[in-house]
Amino acid sequence: MALVGVMRPGHAQIRVLDLEEGIHFYRDVLGLVETGRDTQGRVYFKCWDERDHNSLIIRQADRAGIDFFAFKVLDKATLDKLDADLRAYGLKTERIPAGDLLETGERVRFEIPSGHLIELYADKTCVGNGLDMVNPRPWNANSERGIAPIRFDHGLLYGPNIAAVQKIFTEVLGFFLVERVLTPDGKGNVAIWLSCSHKVHDIAFVEHAEPGKLHHCSFLLESWEEVLRAGDIMSMNKVPIDIGPTRHGITRGCTIYAWDPSGNRFETYMGGYQPYPDYQTLTWTFDELGPGLDYPQRKLHETFLTVVS
Ligand SMILES: [Fe+2]
């Protein structure tokens with residue numbers, strides 16, 4: 001498949017209660033690479049194997065949570081077309097000028113019915129991953145500090161009206177529905193996993209009364225052993241773990257969920273499978289949500305279902 005249109009998650013901006021504590025956590029414990037700070041006091045990070053300048057931005061605020069979640073699109077023409085398509089669909093869009101985020105081009109921002117701000121952009125400065133472009137080594141020193149995920153992989157957002165959100169992502173932005181969990185009456189979806197690529201999900205949503213909430217940002221590791229090593233590093237640093245290490249039934253991801261010092265949940269994960277756009281959506285019934293969430297224990301975890309930031 002040629003990847004056109006929306007390519008992948010690009011960046012998320014999240015709020016932390018104490019900036020220095022946040023920097024220490026994301027740089028030294030999670031092991032992201034700090035790439036810049038701006039005049040608004042925001043701090044920029046990327047995963048070591050990502051080439052674009054930033055994928056996670058943190059800023060200090062009075063409450064934790066997510067400001068916006070962005071996708072990188074193929075090019076400027078695609079950005080303009082998707083902006084026009086979103087407006088034709090009836091959504092209001094806003095253009096954020098290039099340079100508002102460090103080393104990032106113009107962004108198209110819009111609010112979806114779950115109360116989240118979603119952005120599209122085409123340009124972000126390539127700073128490389130520290131490896132040569134000719135005859136590269138497989139890893140470098142940045143890949144050894146902290147948990148050191150290779151990429152910002154996906155997000156799970158909680159908010160209302162996910163049926164309307166699904167229509168926007170599938171009918172305007174070119175995503176396809178990979179998996180879903182039915183409502184107890186079986187007539188709608190309580191959770192959806194959407195892909196714009198060959199990944200099992202690029203973004204997911206859970207129906208939730210309060211708008212605009214963050215469930216987690218997810219960071220990809222290369223093996224189950226690295227997920228277990230991430231658990232060791234979390235314990236060494238007394239990072240509070242929500243669930244795991246375990247495997248989801250939904251998406252087959254092998255995972256640990258934990259909280260940053262401000263109460264934003266994050267995930268370190270590996271696995272899943274690789275669907276193409278002709279993949280027939282998998283359905284989970286509400287009564288099997290336990291194994292969908294935690295396959296070995298077949299168990300619902302109250303905090304996972306209710307705690308968001
Ligand atoms: Fe996840």
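This is a predicted model: local features need pLDDT of at least 70, side-chain atom pairs count only at pLDDT 80 or more; totals for chains, interfaces and linings use all residues.
Local features are reported only where pLDDT is at least 70 and side-chain atom pairs only at pLDDT 80 or more, whereas totals for chains, interfaces and linings use all residues. Residues are numbered from 1 along each chain as its sequence is written, and side-chain values use heavy atoms, with hydrogens and water left out.

The chain is assigned domain 1 (6–127) and domain 2 (151–306), the bounds being those of an automatic or database domain assignment. The C-alpha centres of domain 1 and domain 2 are 20 Å apart, and 40 residues from domain 1 and 40 residues from domain 2 take part in the contact, where contact means heavy atoms within 4.5 Å. The size of an interface is often expressed as the accessible area that is lost when the parts come together. Between domain 1 and domain 2 about 3,100 Å² is buried, 75% of it on carbon and sulfur atoms; this buried area is the accessible area (1.4 Å probe) that two parts lose on being put together, summed over both.

Nine residue pairs, both residues at pLDDT 80 or more, are in polar contact between domain 1 and domain 2. A polar contact is a pair of N or O atoms within 3.5 Å; within protein, one must be able to donate a hydrogen and the other to accept it, and residues adjacent in sequence count only if both atoms are side-chain atoms. On the side of domain 1 that touches domain 2, the largest share, 10 residues, comes from β1, strands being DSSP runs of E with at least two residues and helices runs of H or I with at least four, numbered from the N terminus.

The iron ion has as protein donors H154 (NE2), H216 (NE2) and E267 (OE), which lie 2.1 Å from it. Donors are N, O and S atoms within 2.8 Å of the metal (3.2 Å for Na, K and Ca), and sites may look incomplete because water is not among the atoms.

Most residues other than glycine have a negative phi, and most peptide bonds are trans. The peptide bond from G244 to P245 is cis, with omega near 5°, and P245 is placed in strand β14 (residues 241–247).
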